[in-house]
Amino acid sequence: MSAGTEMAIRARGVTKLFGRGTDQVVALDGVDLEVAEGEFVCLLGRSGCGKSTLLSMIAGLTRPSEGEIDMGGRRVGMMFQDSNLFPWLTVEGNIHLALRLSGAPKDQWADRTAELLDMVHLPGMQLRRPHELSGGMRQRVALARSLAQDCQILLMDEPFAALDAITRDALHDQIERVWAERRLTIVFVTHNVREAARLGDRVVVMQPSPGRIAEEVRVTLARPRKMDDPLIATRAAALHDKLDKYHVIAEQGRTS
Ligand SMILES: Nc1ncnc2c1ncn2[C@@H]1O[C@H](COP(=O)(O)OP(=O)(O)OP(=O)(O)O)[C@@H](O)[C@H]1O
Ligand SMILES: [Mg+2]
């Protein structure tokens, strides 16, 4: 990282414990993570290694048991695997709610909504209801809603995991474009090695039991990237080997 780079997120010594006594789970143990402004970081790890826990602490939804997370007052948006749209509101209603929460003047809501829907390639969808949309379309509305909050940091927890490969590829292209246009800082959770290699400037590989950062890998491939690029496949294979390695190390730690 070049000297003078502003950090959007600094997590220092973050530990998270759940439960008590013999039932206690160390979800995260002494995690240090810095994310530079404008960086696209993927958190990669098998199930249960603390990815969602770390993300929800960055979002301020839960507090660390120890350590601290500093975002310098930046605004944070969050996207989950499920779009979490309000089913009784139209697309427009869902986005208006986010605009209202961000304090945007009401006379700008219609224009801002149209602009955001254009940005996620859903022009004219204002009056649709969530159940009338495909899973991929719902995730794009969820993305528009996150952007409506005018966030500087976007936290994404396996947002495309439930989608088919073709829809996911299209959404990767869109998120990469929106990230560049809006100069967002993104932390993207996934257990998919190809997705991590396709999207990340840096991939933070996590290991389970207890959840820790095992290793960080820079992905220096030019953008925009394409999922079918053989170089992505090579990077993904290397990440897969790392996941296997740290999984075995964690298993050995448990049984020794
Ligand atoms: N609210 C909670 N209460 C108790 N234990 C929890 C809670 N949330 C998470 N955990 C535990 O903390 C550990 C990390 O969970 P977390 O959901 O962060 O993992 P993850 O890496 O996101 O997994 P996945 O890929 O399955 O989503 C797990 O052992 C989980 O059981
Ligand atoms: Mg999770």
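Begin by selecting ligand 1 together with its shell, where a residue counts as near if one of its heavy atoms lies within 4 Å of the molecule: Phe18, Val25, Ala27, Arg46, Ser47, Gly48, Cys49, Gly50, Lys51, Ser52, Thr53 and Glu158 surround ligand 1. This is a predicted model, in which local features need pLDDT of at least 70 and side-chain atom pairs count only at pLDDT 80 or more, while totals for chains, interfaces and linings use all residues. Residues are numbered from 1 along each chain as its sequence is written, chains are lettered from A and ligands numbered from 1 in the order in which they are written, and side-chain values use heavy atoms, with hydrogens and water left out.

Next, show the polar contacts of the ligand, each a pair of N or O atoms within 3.5 Å. An oxygen atom of ligand 1 lies 2.6 Å from a polar side-chain atom of Ser47, and an N or O atom in the side chain of Thr53 is 2.5 Å from an oxygen atom of ligand 1.

Now colour by secondary structure, taking helices (H or I, at least four residues) and strands (E, at least two) as DSSP runs numbered from the N terminus. Strand S2 (25-36) and helix H1 (51-58) are the elements that give two or more residues to the shell around ligand 1, and H1 supplies the largest share, three residues. By class, the shell holds four nonpolar, five polar and three charged residues, where Ala, Val, Leu, Ile, Met, Phe, Trp, Tyr, Cys and Pro count as nonpolar, Asp, Glu, Lys and Arg as charged, and the others, Gly among them, as polar.

Move on to the largest pocket by selecting Met78, Phe80, Leu101, Arg145 and Gln149, which lie nearest its centre among 13 lining residues. A pocket here is an open set of points on a 1 Å grid over the protein atoms alone, where a 1.4 Å probe fits, with protein on both sides within 12 Å along at least five of seven lines, and lining residues have an atom within 4 Å of a point. Strand S5 (76-79) and helix H2 (91-102) each give two or more residues to this lining, with the largest share, four residues, coming from H2. The lining has nine nonpolar, three polar and one charged residues.

Asn84, in the loop between S5 and H2, has a positive phi of about 55° although it is not a glycine. A cis peptide bond with omega about -5° joins Ser209 and Pro210, and Pro210 is found in the loop between strand S8 (202-207) and strand S9 (212-218). The bond from Arg223 to Pro224 is also cis, with omega near -5°, and Pro224 lies in the loop between S9 and helix H7 (230-255).

Finally, zoom out to the protein chain, which has seven helices and nine strands and whose C-alpha trace spans about 60 × 45 × 40 Å along its principal axes.

Technical notes
Polar contact = N/O pair within 3.5 Å; in protein donor to acceptor, adjacent residues only side chain to side chain.
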